[in-house]
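Please look through the sequence and the structure shown below before reading on. The report that follows takes up aromatic rings, overall layout, confidence and an annotated region in turn.

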Amino acid sequence: MHFTYLDTTGRPVITIEKDNLVDFHIQMFTDGKLNSAPVVEMEKSVDFHQLNKLDSHYGSPFSTSVTLIEDVATESRLQAQGQVEQLTDLHADRLKIYDHFTDAVNKFKNNKDLAAFTTARKKAENDLKNVGHAISDLQSELKSTNADISDKLNEVNKIHKLTMDLINNYLGQTERFIKGQLSKVAFADAEKSYAQKLNEAKERMDSVIYAL
């Protein structure tokens, strides 16, 4: 039972929940119940399968009215939250794909299979493009609803571009090493520098994304 400052006996409060909804379906509503007879004791647990059958659960002493109320501010906030969650997931996917390049290099050093290395590289690049397109689509939506987040994504995109330059340079050094054009010592130094700079780039992107 829920009490307000006008209540002496309390009133039932009903919470209706639904899974697997998308932000496009967000709609605020108020369910008002008007007492036309003395309050009767109700069961504490009622299973509502359809909103339009609420009256049948309350019984004749009650009439139920449902009013849809548009709450633009709340709807905008919830939609932005959903978009930020999508961005966070896409960002995590992109960081994982960065590591796929490292995996491809490690396999290449062991098997010296240039064709397999090229295939793995192209797959990772294609996966990154797909993630990038999804992020760009979300950013386009945010330009009109939350320009601040959209601007911050520009910073992340710049870091991503620099990271791709770093990755491509590392992949080129790997090929040179396998072909004998780069010494083992020089390549070891290159790998150490690459790992450090990649981690720094990830941390910089994390600091922006997880602060949205």
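## Aromatic rings

Phe177 is partly exposed, with a relative accessible area of 22%, in a model that is predicted. Phe177 and Phe187 form a stacked aromatic pair, with 4.4 Å from centre to centre and 5° between the planes. Because Phe177 belongs to helix H4 (residues 147–178) and Phe187 to helix H5, the pair ties together parts that are 10 residues apart in sequence. These two residues also belong to one aromatic cluster, which is formed by Tyr170, Phe177, Phe187 and Tyr194.

The structure holds four aromatic pairs. Another of them is the stacked pair of Phe108 and Phe117, whose centres are 4.4 Å apart and whose planes make an angle of 10°. Phe108 counts as buried, at 3% relative accessibility, and Phe117 counts as buried too, at 3% relative accessibility.

## Overall layout

The protein has five helices and two strands, and from the N terminus on its elements follow the order β-α-β-α-α-α-α. Among contacts between residues at least 6 apart in sequence, 74% join residues that are at least 24 apart.

Of the 212 residues of the protein, 26% count as buried. The accessible surface comes to about 14300 Å², and carbon and sulfur atoms account for 51% of that surface.

## Confidence along the chain

The average pLDDT of the protein is 80, and 66% of the residues score at least 70. Among the elements, strand S1 (residues 29–35) has the lowest mean pLDDT, at 48, whereas helix H5 (residues 184–209) has the highest, at 97.

Over residues 33–51 the pLDDT stays under 50, and for this stretch the model has 23 contacts beyond four places in sequence. The pLDDT is also below 50 over residues 58–64, a stretch with 23 contacts in the model beyond near neighbours in sequence.

## An annotated region

According to an unreviewed UniProt entry, the annotation "coiled-coil region" covers residues 121–155.

How values were computed. Residues numbered from 1 in each chain as written. Predicted model: local features only at pLDDT ≥ 70, side-chain atom pairs only at ≥ 80, totals over all residues. Heavy atoms only, no water. UniProt positions renumbered as here; feature names shortened; annotations may be inferred. pLDDT = per-residue confidence, 0-100. Helix = DSSP H or I, 4+ residues; strand = E, 2+ residues; numbered from the N terminus. Contact = heavy atoms within 4.5 Å. Phe/Tyr/Trp six-rings, centres within 6.5 Å; stacked < 30°, edge-to-face > 60°. Buried < 20%, exposed > 50% of the residue type's maximum accessible area, 1.4 Å probe, protein only. Areas by Shrake-Rupley, 256 points an atom, 1.4 Å probe, with all protein chains shown as cover.
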